[in-house]
Amino acid sequence: MRILVIDTATQALSVALLDDGATIGHFHEIVGRGHAEALLPAIAAMPDGGKADAIAIDVGPGSFTGVRIGIAAARALALAWSIPLHGYGALSLIAAMAAAGHEDGPLAVTITGGHGELFWQSFSPDGLTPLTAPASTPIATLAGQLDQPLLYGTGAEALVTARGHGTAISLYPDAAAYPLIAAQPALPPSPIYCRDADARPMAERTAS
């Protein structure tokens, strides 16, 4: 079975084409805010243009724009190819990636958020079982909550700096690592935001 994995939840653009778990196509690059321009060419460059039997899409939390771009593209391709589409969490994938080098105790993952906040979640030492729900918390507040000596993810360095101790291991979700969480229950292909969007409808802005 071929699965096309699309990940645009962070500054990384990551796409992988997996055939029975083996990577036969892979693109992973830090593009910042360039997901919209780079995503479709990255998919088109996959073997057979990325054509697969199913699509897995990172539904966040992470960049509002990045998550929406990835889900929109994944929905369009799933509809065009008449194949199933399901989601997975950005924090879950990073946790599974981090577990290989994690020794003991709960595993904490953070992703850079907006407005001085971090998306975060704690997992079991093997990175596969969530111990908390994903959340978005101000860095200063989270510095007093997470005391794990090792922190993983794109927001790890900011949190270690705020705490004044610990070790940060920067990790971006990599689509090629999807087999690590493939057995977990699938999520709906809808965004996980953890906080209100920055943009508000015109009617709401006028009313305020």
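User: What is the relative accessible area of Tyr193?

Analyst: Tyr193 has a relative accessible area of 25% and is partly exposed. Buried means under 20%, exposed over 50%, partly exposed in between (1.4 Å probe, protein chains only). Phe64, at 10%, counts as buried. This is a predicted model: local features need pLDDT of at least 70, side-chain atom pairs need pLDDT 80 or more, and totals for chains, interfaces and linings use all residues. Residues are numbered from 1 along each chain as its sequence is written, and side-chain values use heavy atoms, leaving out hydrogens and water.

User: How many aromatic pairs does the structure hold?

Analyst: Rings of Phe, Tyr and Trp (its six-membered ring) pair if their centres lie within 6.5 Å; planes under 30 degrees apart are stacked, over 60 edge-to-face, the rest tilted. There are 2 such pairs here. Phe64 and Tyr193 have ring centres 4.8 Å apart and planes at 80°, so they are edge-to-face. Phe64 sits in helix H2 (residues 64-81), and Tyr193, 129 residues away, in the loop between strand S10 (167-169) and helix H6 (202-207). Helices (H or I, at least four residues) and strands (E, at least two) are DSSP runs, numbered from the N terminus.

User: Why is the pair of Tyr88 and Tyr178 tilted?

Analyst: Their planes stand at 55°, with centres 5.4 Å apart, so the pair is tilted. Tyr88 is in strand S5 (residues 85-88) and Tyr178 in the loop between S10 and H6, so parts 90 residues apart in sequence are tied together. Both Tyr88 and Tyr178 are buried.

User: In what order do the 5 strands of the open sheet run?

Analyst: Strands pair if DSSP finds at least two bridges between them. The order is S3-S2-S1-S4-S5, with mixed pairing.
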